[in-house]
Amino acid sequence: MALNYGMNLILGCCGCCSAFRPRYKRLVDSIFPVYPQDGLVKSNMEKLTFYSLSSPEKLDRIGEYLYQRAAREIYRKKYGFVIIAMEAMDQLLLACHAPTLNLFVESFLKMVQKLLESTEPDLQILATQSFVKFANIEEDTPSYHRRYDFFVSKFSAMCHSGDTKDVRDKIRTAGIKGLQAVVRKTVSDDLVENIWEPVHMDKIVPSLLFNMQDSSFHKEPPHGDTIPEDSVDPPMLAETCMRELVGRASFGHIRAVLKPVLRHFDLHKSWVPNEFAIHTFRIIMFSIQAQYSYTVVETLMDHLDENAKSSPTIRTSIAEVLSKIIAIAAGESVGPSVLEIINSLLNHLRDSVKNGTIQAEERQYQEALINALGEFANHLPDYQKIEIMMFIMSKIPFPLVDNQTPADNMLQSILLKSLLKVGTKYQTIHFNTTFPVSFLEPLLRMSLAPDPEMRLLVQKIFHTLLDRHGNLEKLHKPTLNIVDSDLNVEKSSRPDLIFINKHGPTIYDALYTSLQMDSNTPDNIEAIYTTLGLLCVELASTETVIDLLQLLLGIQNLALNSTTLSYAQKFNLHALVISLLVLISDVMNIQSLSDYSSRLIEARREEASYCLPEMLTQYPAHCESISKMPHLLVDQMAVCEYLKASGIDPSRLAQTSPYGAGGPGAIAGSQRHSWMEAGARGSIMEIPSVHEVDSAASSPGVTRKLPEEGLSFESMKKVLSEPPEIRKESEAEKRKQISHTFRTATFSELVRLTQPKHDLLQNKLNEIFKSLTTAESSSTTDDPKKLSKCEESFPELFYY
Amino acid sequence: MDDYKFLFKVVLVGNAGVGKTCLVRRFTQGLFPPGQGATIGVDFMIKTVEVGNEKVKLQIWDTAGQERFRSITQSYYRSAHALILVYDISCQPTFDCLPDWLREIEEYASSKVLRVLVGNKIDRDDREIPTQVGEEFAERHNMYFLETSAKESDNVERLFMQIAEDLMKQARMTNVPRYDPNNYNVDPASQDSGCCSRLN
């Protein structure tokens, strides 16, 4: 064989006669000792190095010859000589410089490959070491035709070595180092092989992950904080290599890395349990160039899409991974990518809801998604949180009618939950930034949803957004001893007061309306107490107090007069009123009012303790309405007196409350014309009055004037001939329609709807004023007249 | 020992436990390792054979049959010149999976890849797949067919030699002068154009 081989040498025709051999061959031969265990002959090696430096044109031949000698020794299994040949090549490689190096490198790599092809672990490891050395030197001329796929393939195979424990770890370590070297060598130069091709990445990435997952990744690093570069622990090394790889990936290459990662987790079933997946993705997130980090989130989300058919547990796990890493991405996300991520999360939620199955796992999945959303929002700057809340709001399906499918309902409540999650992460500073009109309006509209659960959620959203001073806990439940809870009150700022002046009526009105819902549970009413309490604490001013007291009286009226609410609900309302009264007098520090409320409480305790908190769903049968005991009620006149005594002008309060029975007259004399102009008043007036009609309609003996009921003979006949059920049905239908309109129509629509009526009314009033000889117009005395006049002209506007 | 004219990449695929590693060991090292554990990921062996006075180097990539390594094993199909699809003649399920494997090959391997169907373990008495069934399947899918026994060394040598010959014939016919990375066909390592092409 050796002879046969010698024939192929370029110059040598006589392999045995050293005298006629060329000088470089003699030099190469001289570096090999007689016995391999003696090691490289150092002095001769120096000669060889000097020779190749002085005549670099011979370098390629030296390389070729060394390679052939090594190949021969491998064949003869004389590995000692092979090691020496490799060592010599390493030294030459490091000693020599370009430009001749290029040719030498070819034989060098051939040699490395040759060693890697052998089955001997030691040679494979040696070859890897040499390859690493090679990867570390700088070549000034790229070699376009050099290919690395054998190395990638082989090193990846080595990463999966299944030898006995000791050898296995060595080979795996070598494999990882080899891969690391290939990456280092190729990644910086675009002209050489593109390491990011899937053909390579599909080998490199799973190999690294395979080693990483094999590890005790959850354990602390064995010694200290830094991992030594030459650590023999394959998992550690693989992790380092992974970090490096991800860190070098540019935008276009991220997906090439992530795809095999996801596939690996799919195939190795690493999603459940997901510790390793979380660990890996954390590594990726921390190593990736920050500006690309959202791509990881996106990719993971796409993967969630692909797994739409998988079991909910897998999806939950993926979503959990997402929630664990999403925070890292949030810091770097800007502009459209943020909304894209949110949108995608919401879409997943929607899909999950659409699946319809209400399994525990599916719910967990939704929880995980909501958590991810919360985590993400948590790490965004505040101004983006508002944007996100508005975005989520816009995704909540309207209209909120009663005949929704359960899926719609569920989606709404889930989106509200997400909204709540985001809301809790938001720190309110100014209310006008927290509640832009485009956010406040839909939120208020949601607060009138037919589903009590949903209303509760909306109130909770209000709570978290309103509470700036950590009073939420203290105001969680209605209490009569608010003094003890040591509220944190701060003087409200001007912008806040402007805010409440502008939007207060709308807010109060929505709260009032939602108290009219007969599906309210004590939880709902308590939540409204908290909302009002927070409003009071956060926006304490004389203006607000009047509004709040006005609202309180309205609520009390509602509790007294409503025919739709149950007794329990009415008692709850009374309890709500009295606890709020206590709170207001405490916050505003009006001693007389405080004393008044204490007296009321005392009296109620004796005669009607059911009108105090705690709020119950069921009250004992003997409890009767306290309407017959006026001394237990909050008296409007009394409150006015106390306010006046403490220097607050109660004139607005003295007027008829805008809530409940109060007619437009209340506004006519109001100092706040702006309400009218803004049109806000219109909606405030209309919604309660609708409900007044409702209650009137259901109580017998009260004349009804529904618009379609003309007083013609036909209609009278109809009334008589038709069974009462039908009529009731049509009434119910009517009622539904009206309430539907007001719940679903946008604010501006409502304004449009109500505005002209007011104009007409205003015109009419003007006419009347003119026609009246008594020029001075006290609105209260004129009211009945005006109303009767108007009623003649516009019967459909006035039902009473 | 190194003056080979051709370099071919051969990849073995098939269910876990059909004897892929044993076939490779028998061919490259001439031994039958009893109690061979499951392959992890990919294993690599090399063997130089002589076909008609020409040296042919076979790079043999032995893949893991287990599902969980599918992602890494698939990445090796792409550059293969020949794919050996192995089943166990004494185990019906390994045969039933063949269509799945073919689908995978279609998806990941080059369209010109040489495909060989091998029924292994003919030394066993509890045969479940008659020779004819395997033959018909191979014919239907335009593959070579061979039944082997790694234990008894039946047909193992013949299998690889056949592949080497066929690939060489192919290489001579197409006569690709240089290695083309986009066309993973055959790879005649030309001696004069440097040595880099052999590194593939």
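# Close-up views of a predicted two-chain model

Figure 1. Where pLDDT is low, the predicted coordinates should not be read in detail. For chain A as a whole, the average pLDDT is 75, and 73% of the residues score at least 70.

**Figure 2. Chain A is built with 36 helices and zero strands.** Of the 800 residues in chain A, 53% are buried. If you take the contacts in chain A between residues at least 6 apart in sequence, 73% of them join residues at least 24 apart. The accessible surface of this chain comes to about 35700 Å², with 54% belonging to carbon and sulfur atoms.

**Figure 3. Helix H12 of chain A packs against helices of both chains.** H12(A) covers residues 251-267, which makes 17 residues. From first C-alpha to last, this helix reaches 26 Å, close to the 24 Å expected at 1.5 Å a residue. Its buried residues are A:Ile254, A:Ala256, A:Val257, A:Leu258, A:Pro260, A:Val261, A:Leu262, A:His264, A:Phe265 and A:Leu267. Within chain A, the buried residues of H12(A) pack against helix H10 (198-213), helix H11 (234-248), helix H13 (275-287) and helix H14 (293-306). From chain B, helix H2 joins these packing partners. Look just after H12(A) for A:Lys269, which takes a positive phi of about 50°.

**Figure 4. A:Asp60 sits in helix H4 of chain A.** The helix spans residues 59-75. A:Asp60 counts as partly exposed because its relative accessibility is 26%. Setting aside residues up to four places away in sequence, A:Asp60 touches A:Leu103 and A:Ser107. A:Glu106 is 46 residues from A:Asp60 in sequence, while their C-alpha atoms are 8.3 Å apart in space.

**Figure 5. Chain B holds an open sheet of six strands with mixed pairing.** Follow the strands in the order S2-S3-S1-S4-S5-S6. Strand S2 (42-51) and strand S6 (144-147) of chain B stand at the edges with a single partner strand each, so one side of each has no neighbour in the sheet. From one strand to the next, the twist averages 25°. Helix H8 (residues 149-159) of chain A packs on the sheet and touches S1, S2 and S3 of chain B. The direction of this helix makes about 45° with that of S3(B).

**Figure 6. Strand S3 of chain B is mostly covered.** Ten of the ten residues in S3(B) are buried. B:Glu54, B:Val56, B:Leu58, B:Ile60 and B:Asp62 point one way from the strand, whereas B:Lys55, B:Lys57, B:Gln59, B:Trp61 and B:Thr63 point the other way. S3(B) runs parallel to strand S1 (residues 6-14) of chain B, and seven bridges join the two. Two bridge pairs to look for are B:Val11 with B:Trp61 and B:Val10 with B:Ile60.

**Figure 7. S2 and S3 of chain B form an antiparallel pair over ten bridges.** The hairpin of S2(B) and S3(B) has two residues between the strands. Within this hairpin, B:Gly52 takes a positive phi near 50°.

**Figure 8. B:Gln66 lies in the loop between strand S3 and helix H2 of chain B.** The strand covers residues 54-63 and the helix residues 70-77. With a relative accessibility of 26%, B:Gln66 counts as partly exposed. Leaving aside neighbours within four places in sequence, B:Gln66 is in contact with B:Ala16, B:Ala38 and B:Thr39. B:Ala16 is 50 residues away from B:Gln66 in sequence, yet the two are 5.5 Å apart in space, C-alpha to C-alpha.

Note on methods. Residues numbered from 1 in each chain as written. Chains lettered and ligands numbered in written order. Predicted model: local features only at pLDDT ≥ 70, side-chain atom pairs only at ≥ 80, totals over all residues. Heavy atoms only, no water. Helix = DSSP H or I, 4+ residues; strand = E, 2+ residues; numbered from the N terminus. Buried < 20%, exposed > 50% of the residue type's maximum accessible area, 1.4 Å probe, protein only. Contact = heavy atoms within 4.5 Å. Expected span 1.5 Å × (residues − 1). Areas by Shrake-Rupley, 256 points an atom, 1.4 Å probe, with all protein chains shown as cover. pLDDT = per-residue confidence, 0-100. Pairing = 2+ DSSP bridges. Axes fitted to C-alpha atoms, helices over the stretch in contact; angles between N-to-C directions.
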